[in-house]
Amino acid sequence: MVTGGEEAMTNGTDAIAAKVKASGTSFYSAMRLLPEARREAMFAIYAFCREVDDIADEEAPQVEKRAGLALWRTEIDNLYAGRPTLPISQALLGPMRDFKLRREDFLAVIDGMEMDATDAIQAPDMATLDLYCDRVASAVGRLSVRAFGATEPIADQVAYHLGRALQLTNILRDIDEDAGRDRLYLPRELLQKHGIDSADPKVIRTDPQLRLVCRDLAAVAKAHFADADAAMRQCAKKPMRPARIMGAVYGALLDRLIAWDWQDLTTPVKVPKWRKIWLAIRYGFL
């Protein structure tokens with residue numbers, strides 16, 4: 001017999017899964033490879049990340065964004081006290097207990113979103129960029145590898161490197177979109193190396209030396225992909241299948257960006273759907 005509380009939880013889980021699917025995320029097909037409980041955990045983790053990301057990106061005064069993120073800090077406290085109040089955090093309660101998801105990783109994600117919400121990031125130094133990537137991507141990876149079922153300590157190295165590789169690829173793909181929000185995530189050291197002294201995103205996106213900066217940052221991302229792959233090979237194969245798919249899809253995207261060489265920032269660069277499917281089959285089932 002299903003109780004009213006269980007029915008509400010099931011409906012909430014279904015709603016979260018539908019929201020993840022509707023988002024069009026590349027991660028959806030990778031998540032679907034997981035057993036049901038782990039898949040639902042990943043949907044809830046993704047929904048949490050989208051929720052705080054939307055707060056950071058919304059058109060609202062900074063004080064409102066800070067307040068929204070502060071509410072989520074309180075809600076994470078509620079979650080770890082066993083008294084979540086929101087549908088997403090309620091969906092996280094079981095996974096948090098069953099898969100030992102760490103409080104500090106949820107808070108790190110919020111810290112990363114706060115970096116976006118409180119200041120327009122413009123040409124951060126490399127150390128700040130690395131911290132940002134750790135918070136908004138590698139922290140998500142640390143939650144994810146536990147939901148995947150990886151138990152080896154080196155799984156956190158997969159999260160460390162793959163998170164950075166994915167986020168740097170996003171940065172290299174979204175330069176024009178970010179500039180429209182007065183954001184520039186390309187590191188100051190690489191800009192200065194190639195003679196770009198401005199930190200104005202709208203100025204930099206038309207600088208002829210920009211592609212040299214992007215090539216250098218792409219090499220950093222490539223190295224993280226390689227280190228993530230090396231760490232994955234030391235983990236059990238089955239739990240790492242979703243990570244392998246994500247790495248393969250984003251690795252293919254990075255290769256397309258490198259081949260495109262940032263010639264026209266207004267042209268979307270994507271991995272064709274057929275190739276995503278092929279990569280999912282190759283890394284999900286072989």
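The model is predicted: local features require pLDDT of at least 70, side-chain atom pairs count only at pLDDT 80 or more, and totals for chains, interfaces and linings use all residues. Residues are numbered from 1 along each chain as its sequence is written, and side-chain values use heavy atoms, with hydrogens and water left out.

**View 1. Overall fold.** The chain contains 14 helices and zero strands, where helices (H or I, at least four residues) and strands (E, at least two) are DSSP runs numbered from the N terminus. Of its 286 residues, 49% are buried, a class defined by a relative accessible area under 20%, with exposed meaning over 50% and partly exposed lying in between (1.4 Å probe, protein chains only). Contacts denote heavy atoms within 4.5 Å. Among contacts with a separation of 6 or more, 70% join residues 24 or more positions apart.

**View 2. The largest nonpolar core.** A nonpolar core is a set of buried Ala, Val, Leu, Ile, Met, Phe, Trp, Tyr and Cys residues joined through side-chain atoms within 4.5 Å. The largest one has 90 residues, of which Ile45, Phe48, Leu172, Leu186, Met240 and Trp262 touch the most other members. Helix 3 (residues 36-57) supplies the largest share of this core, 12 residues. Beyond its neighbours within four places in sequence, Ile45 contacts Leu92, Leu101, Val140, Leu143 and Ala147.

**View 3. The Phe48 and Phe106 pair.** Five aromatic pairs are found in the whole structure; rings of Phe, Tyr and Trp (its six-membered ring) pair if their centres lie within 6.5 Å, and planes under 30 degrees apart count as stacked, over 60 as edge-to-face and the rest as tilted. Phe48 and Phe106 form an edge-to-face pair, because their ring centres are 5.2 Å apart and their planes meet at 85°. Phe48 belongs to helix 3 and Phe106 to helix 6 (residues 103-118), so the pair ties together parts 58 residues apart in sequence. Both Phe48 and Phe106 are buried. Ring pairs also link Phe48, Trp72, Tyr80 and Phe106 into a cluster.

**View 4. The Tyr132 and Tyr185 pair.** The ring centres of Tyr132 and Tyr185 are 5.2 Å apart with planes at 25°, so this pair is stacked. Tyr132 lies in helix 7 (residues 126-148) and Tyr185 in the loop between helix 9 (175-179) and helix 10 (188-193), 53 residues apart. Tyr132 and Tyr185 are both buried.

**View 5. Helix 5 and Glu40.** In helix 5 (residues 87-98), the buried residues are Ile88, Ser89, Ala91, Leu92, Leu93, Pro95 and Met96. Glu40, located in helix 3, is partly exposed at 31% relative accessibility. The C-alpha atoms of Glu40 and Pro95 are 8.3 Å apart, although the two residues are 55 positions apart in sequence.

**View 6. Cysteines.** With a disulfide taken as a pair of cysteine sulfur atoms within 2.5 Å, the count is zero. Cys133 is buried at 2% relative accessibility, and Cys214 is buried with a relative accessible area of 0%.
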